[in-house]
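Colleague: I am new to reading protein models. Could you walk me through one?
Modeller: Gladly! Let us look at it together.

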Amino acid sequence: VIKFRKVYGDLGTTQQQTDAALGQIKDLANAYTQYGVAVKDTIGLAADAAAAGYQNQDLIAQTTAATKLSVLGQIDNQQALKTTISLQSAFNINSKELAGTIDFLNAVENQTVVSLDDITTAIPIASPVIKQLGGSVKDLAFFLTAMKEGGVSAAQGANALKSGLASLINPSKKASDLLATVGININDIVTRNKGDLKATVMDFA
């Protein structure tokens, strides 16, 4: 609670506003005890989110999503928070869409060989370049699943996506010239499929 009070809001935030926000978080924390989440853990998570700049309903959404991700994926609170923040910043997901995204990731875990732990490992690494190519978190899950089924770990797969897709976006002259000798115009493939990451990769393949 002390940490929350120290980091919540900005210079214009009043004590009353901080108290009101803390009251909402306490209500949330008490509700989450039914899922085995300690009150101090929820408030601590909210304090970390507040330190990252989240306030009001955005703070509630961030705390809710990170807690849900932590419980469902059986991962550390800090890792869950890092993932939700990465999701929002990399894929421009707003607070209202965040809950639906967490539900999607949970469905991926339930229906594929990819775990939430795999996804939380991959998001901070690969999401920026995937977004740059017009992809989404669904594309990331698609490629991770394919790699995991092929025996590639989440960390290896994420690094492969990061470096491989970056090379597609900005190929070296040597690579472009070499591909051209076998009739592949890499720049045309990327331009033609802009906004459709799966099509870009399939076309290149």
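**Reading a helix and its surroundings**

Modeller: Let us start with helix H8, where Val137, Asp139, Leu140, Ala141, Phe143, Leu144 and Thr145 are buried. Buried means under 20% relative accessible area, exposed over 50%, and partly exposed in between, with a 1.4 Å probe and protein chains only. This is a predicted model, where local features need pLDDT of at least 70 and side-chain atom pairs pLDDT 80 or more, while totals for chains, interfaces and linings use all residues. Residues are numbered from 1 along each chain as its sequence is written, and side-chain values use heavy atoms, leaving out hydrogens and water.

Colleague: Which helices do the buried residues of H8 pack against?
Modeller: Contact means heavy atoms within 4.5 Å. The partners are H5 (77-91), H6 (95-111), H7 (116-132), H9 (154-169) and H12 (197-204).

Colleague: What span should H8 have?
Modeller: The expected span is 1.5 Å times one less than the number of residues. H8 has 13 residues (137-149), so it should span 18 Å, and its end C-alpha atoms are 18 Å apart, which agrees. Just after H8, Gly151 takes a positive phi of about 90°.

Colleague: Is Ser70 buried or exposed?
Modeller: Ser70, in helix H4 (residues 56-73), counts as buried because its relative accessibility is 11%. Leaving aside neighbours within four places in sequence, Ser70 touches Ile75, Asp76, Asn77 and Ala80.

Colleague: How many helices and strands does the protein chain have?
Modeller: Helices (H or I, at least four residues) and strands (E, at least two) are DSSP runs, numbered from the N terminus. The protein chain has 12 helices and zero strands.
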